[in-house]
Amino acid sequence: MSISSEASLPYGQQHRNRFAGSTLSGGGLATAMPLVLSFEANWRLRTVLLRGLGLAMMVSASGLWLFPGSVADPELNLLKVGLSVLFFVLGAVLMTTRDLRNQPEACFDPVRRELRVLRRDAHGQPKTVLRRSYDTIGGARLSNGAVQLFENDGSLLIEVPLGSSAARSQLRDQLSGAVQLFS
C-alpha cells in the first residue's frame, strides 16, 4: 500500500498556504492543521556514544605499543601491527558516523482524514510512501510516549513516538470517532 508522489513544498508550508485564508462553516475545521510526527529515536545520543567508542578504539590502537613486551618476537609484533591497524580503521569509521536525519514523518491530516508517511529523497524533497484513510485503520493505542496504529486484523501497522502530551491529546481528538481507540 505505498503510493509515491512528490510534494512541491514542504508538507507543513503546503497546508498552511492552503488553509490560511479559508473560512469553512465548521469553525474548528478552518483552523485545523495536520499533525506531523517524526520517527526520531535519540540519534544524537547514539552518535555521541559511537564517536566515543571510535575515539577509544583509536587510542587503544596506539596503546598497544605503549606496554613493554617481548620486542624480539616478530610474530607478536605482526599481531600488534594487525590489531593496531584494525582498531584504528574501525575507530575512524565510528568517529565519522553522521546523524541519520532522513527519518520519515507521519502526517495525520484532519481535513482529508488520512495518515500519510513522508520520506525525503536524495534531493530533500518529501515523497509519500504510505497513505491510509482513517476508515481503513483498525484501531489505535495512545500511550504516554507513542501511538500504535493497527490493521483491521490486529497486526501492528505503524508505531510513532509522540513528542508531548499536547500532541497526544490533539491526535486523540483527530482519531476519535474515525478510528477505534484502545486503552
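User: A polar contact is a pair of N or O atoms within 3.5 Å; within protein, one must be able to donate a hydrogen and the other to accept it, and residues adjacent in sequence count only if both atoms are side-chain atoms. With that in mind, which backbone oxygen lies 2.8 Å from a polar atom of the R132 side chain?

Analyst: The backbone oxygen of T136. This is a predicted model, where local features need pLDDT of at least 70 and side-chain atom pairs count only at pLDDT 80 or more, while totals for chains, interfaces and linings use all residues. Residues are numbered from 1 along each chain as its sequence is written, and side-chain values use heavy atoms, with hydrogens and water left out.

User: Which side chain does the R132 side chain make a polar contact with?

Analyst: The side chain of E151, at 3.1 Å.

User: Is R132 buried or exposed?

Analyst: R132 counts as buried, at 5% relative accessibility. The cut-offs are under 20% relative accessible area for buried, over 50% for exposed and partly exposed in between (1.4 Å probe, protein chains only).

User: Where does R132 lie?

Analyst: R132 is in strand 4. Strands (E, at least two residues) and helices (H or I, at least four) are DSSP runs, numbered from the N terminus. V129 is found in strand 4 too, and V129 is partly exposed, with a relative accessible area of 34%.

User: How many bridges join strand 3 to strand 4?

Analyst: Seven, with the two strands running antiparallel. Strands pair if DSSP finds at least two bridges between them. E114 stands opposite S133 of strand 4. Strands 3 and 4 form a hairpin with five residues between them, and G124 in the turn has a positive phi of about 85°.

User: Which residue other than glycine has a positive phi near 55°?

Analyst: That's R113. R113 sits in the loop between strand 2 (105-109) and strand 3 (114-120), and at 37% relative accessibility R113 counts as partly exposed.

User: Switching topic: what's the strand order in the open sheet of four strands?

Analyst: The order is 7-6-5-8, with mixed pairing. Strand 7 (156-161) and strand 8 (181-182) are the edges, each pairing on one side only. Helix 4 (residues 165-175) packs on the sheet and touches strand 5, strand 6 and strand 8, where contact means heavy atoms within 4.5 Å. The direction of helix 4 makes about 160° with that of strand 5. For that angle, axes are lines fitted to C-alpha atoms, for helices over the stretch in contact, and angles run from 0 to 180 degrees between N-to-C directions.

User: And how do strand 6 and strand 7 pair?

Analyst: In the antiparallel sense, over five bridges. Q148 has E159 in strand 7 as its bridge partner. The two strands form a hairpin with five residues between them, and G154 in the turn has a positive phi of about 95°. Strand 6 (residues 146-150) also runs antiparallel to strand 5 (residues 139-142), joined by four bridges; there, A140 stands opposite L149.

User: How many aromatic pairs does a search of the whole structure find?

Analyst: One. F150 and F182 are edge-to-face, 5.9 Å centre to centre with 65° between the planes. Rings of Phe, Tyr and Trp (its six-membered ring) pair if their centres lie within 6.5 Å; planes under 30 degrees apart count as stacked, over 60 as edge-to-face and the rest as tilted.

User: What does the pair tie together?

Analyst: Parts that are 32 residues apart in sequence, because F150 lies in strand 6 and F182 in strand 8. F150 is buried, at 11% relative accessible area, whereas F182 is partly exposed at 29%.
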